[in-house]
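Biologist: I would like to go through this model with you. Could we begin with the interior and then turn to the aromatic contacts?
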Amino acid sequence: MSEPRAFSATVSAIVQDGTLVVTIDNPPVNATSADVRSGLQQALAHAEQNADVTAVVLTSAGRTFIGGADIKEFGKPAVEPTLPAVIEMIEALSKPVVAALNGAALGGGLEVALACHHRIASPTAQVGLPEVKLGIVPGAGGTQRLPRLIGIPAALDLIASGRLVKAGEALALGVIDAVAEGDLVDAAIAAASGLVGRPLRRTGPLTVAAADPAEIEKTAAKILAKARGQKAPAEAVRLVTSASRPLQDGLADERSTFLALRDSDEAKALRHVFFAEREASKVDGLDGVKPRPVTTIGICGLGLMGSGIAVAALGAGYSVIGLDQTEDAADKGRERILGLLQRNLATGRLDQAGFDAQASRLSVTASDADLEPCDLVIEAVFDDLAVKTNLFRRLDAVIRPDAILATNTSYLNPDEIAAATAHPERVLGLHFFSPAHVMRLLEVVRCAATAPDVLATGLAVAKALRKLAVVTGVTEGFIGNRIFSAYRREAEFLLEDGALPHEIDAALEDYGFPMGLFAVYDMAGLEIAWARRKRQAATRDPSERYVEIADRLCEAGRLGQKSGRGWYAYPDGKRTVDPQVTAIIEACRAEKGIAPRSFSVAEIEQRLLKAMADEGSALLAEGIAARPGDIDLVMINGYGFPAHKGGPMFAKG
Ligand code: 3HC
């Protein structure tokens, strides 16, 4: 084995049995930054020119092969060599080049691997072209080389969804050629030596396999239907489906499309979301703070929310003890949880062994004392202060002194709930979104007395549950529901001022929300919000503008889809504008002497966006939210705000 030789600050190599083993070491994710590209270029030139080198292995240090192009370089002046130039050099090299995928090969990372003459991966490696999630398309050959390897339908699925596949599936699809059983680099060197002197399988010159046009059309239609106005998926479909044309034409088209999209508002917004997600985990005051160990989670209240939390916890490997008021309610809770697990079994998200393991970690009880082994107890009972404080007082007496108590309240003040315990420092809020086993967002509420290691534990559990955690301070409704209230209020002002529900909904859907606000209300049911409004009526400031339209609808028995009508009518289940609703709205306007005016789509969008952003600014000023990006993440992941618009704070500019 030769002495290591550096080709740049991030690329070095050794020669082993005539093979130049090139290692990229560019933490944190070995992105193909300028220094990596330059180092690879020089290593490849060295391999080509040096007679002692008979083959090349490309691999990386750390857990990732290559995480993709360096997103932080986007928007900066281009630095030679470009990634496509390096990739062309790899494919054209006269000596075999083997990619040894030691971890994730994503985006530009997979594009590097696709140009190699053989790909071997460690069993834990993953591959994917997630560019569409950043509002772009692969820009270094991915849309042209992947279809040459695995055909158009499979390439379309991977590129347009951006999903990552594990080594086993990548092998079955033909993205990689082998999975290494033993040492990856040794296996790659052996594979490279075996290719010396043999014709090389270069991906670029391969012919794209013929595919059934009907199948392609069906897959493409599905992708476009999901795109909701985003450009990248449509461009990905166009590039992949035309991959049969000459390679150079396809590559040129792909590159210019990539460059145009990279500078688009959509891509800027999605990059903002990408970095905001990474920032969100950095929380003030937690540096060096160790979370407490958690293996058993207690869940109080096994209704829809509690059951969803239980399923998420079981899926993350925790033992769960569910508590409900009576044996009967606890048994019903167990059935509900097992029913959700069974659904995962039926859809293939869980195999029988996984189901059995999860079910065996679940127990239910009606006795508080049975929660004694819990490291963390999450309550998901009725959102009423007396109910919750009473429960916390009881729990405080039965759980271990080092165990943590979390409330899932949406609107109550968790400081008041904490005050009911002898140890408020071990209380925090974990505000899940329904259904809790599906929704990615989790607001982690830092209460006035929450100890740093309790907060750190909340964040660690959130990560284990694979949730996107956003820390919020205490305020009514926390970050999400407070902004949602402001947005809802503004929508009701718009109603009173002259817009109709379907016009507001159409504007929101046009903006990229999956469903308009009033349609969502109808789906969720109007009665809970109505009950809250009635509770608040006595303390409401009479000088504040209050819109009575929703109350009138509820009084008329229009409680949403469940009652067959709400903001809309649902003849045959189809959402339809209802003249009776229009009449109620007109009557309310008339009572207040409001002369209605018409609103353009743009005006509706601007008013609603401004209401959200203004409330977001207030949350920042009050120190409830730490960063504008945190607010954006909450609205995107909990309230349907389109990610490709970056969230209300980003969108306001
Ligand atoms: N460029 C620059 N920085 C990146 C990056 C990238 N491609 N990918 C990740 N990072 C940074 C993150 O911002 C984070 O920085 P921080 O520590 O300062 O916050 C750090 O790397 C670690 O990232 P994660 O916290 O996400 O680490 P994980 O270990 O959880 O995940 C990963 C690693 C799976 C590689 C994940 O980071 C990821 O999915 N990255 C993005 C992958 C991607 O989208 N690649 C395509 C890029 S575009 C492209 O390649 C265009 C090409 O076609 C020309």
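Biologist: How many cavities of 30 Å³ or more does the structure hold?
Modeller: This is a predicted model, and the structure holds two cavities of that kind.

Biologist: What is the volume of the largest cavity?
Modeller: The volume of the largest cavity is about 40 Å³.

Biologist: Which residues line the largest cavity?
Modeller: The lining consists of L508, Y511, F513, E605, L608, L609, M612 and F641. Helix 19 (501-511) and helix 24 (601-621) are the elements that give two or more residues to this lining. Helix 24 gives the most, with four residues.

Biologist: Turning to the aromatics, how many aromatic pairs does a search of the whole structure find?
Modeller: The search finds twelve aromatic pairs. In one of them, the ring centres of F433 and Y639 are 5.7 Å apart and the planes stand at 85°, so this pair is edge-to-face.

Biologist: Where do F433 and Y639 lie?
Modeller: F433 belongs to the loop between strand 17 (427-432) and strand 18 (441-445), while Y639 is in helix 25 (residues 628-639), so the pair ties together parts that are 206 residues apart in sequence.

Biologist: Are F433 and Y639 buried or exposed?
Modeller: Both F433 and Y639 are buried.

Biologist: Which residues do ring pairs link into a cluster?
Modeller: The cluster comprises F433, F484, Y487, Y511, F513, Y639 and F641. Among its members, Y511, F513 and F641 also line the largest cavity.

Biologist: Which rings have the charged ends of K534 and R540 over them?
Modeller: The charged end of K534 sits over the ring of W530, 3.5 Å from its centre. For R540, the charged end sits over the ring of Y546, 3.9 Å from the ring centre.

Biologist: Finally, what domains does the domain assignment give?
Modeller: The assignment gives domain 1 (5-263), domain 2 (296-472) and domain 3 (480-623). The C-alpha centres of domain 1 and domain 2 lie 42 Å apart.

Definitions and conventions
Residues are numbered from 1 along each chain as its sequence is written. This is a predicted model: local features need pLDDT of at least 70, side-chain atom pairs count only at pLDDT 80 or more; totals for chains, interfaces and linings use all residues. Side-chain values use heavy atoms; hydrogens and water are left out. Rings of Phe, Tyr and Trp (its six-membered ring) pair if their centres lie within 6.5 Å; planes under 30 degrees apart count as stacked, over 60 as edge-to-face and the rest as tilted. Buried means under 20% relative accessible area, exposed over 50%, partly exposed in between (1.4 Å probe, protein chains only). A charge sits over a ring if NZ of Lys or CZ of Arg is within 6 Å of the ring centre and within 35 degrees of the ring normal. Domain bounds come from an automatic or database domain assignment. On a 1 Å grid over the protein atoms alone, a cavity is a set of points where a 1.4 Å probe fits but cannot get out, and a pocket is an open set with protein on both sides within 12 Å along at least five of seven lines; lining residues have an atom within 4 Å of a point. Grid points are joined across faces, edges and corners, and a volume is the space filled by probe spheres set on the points.
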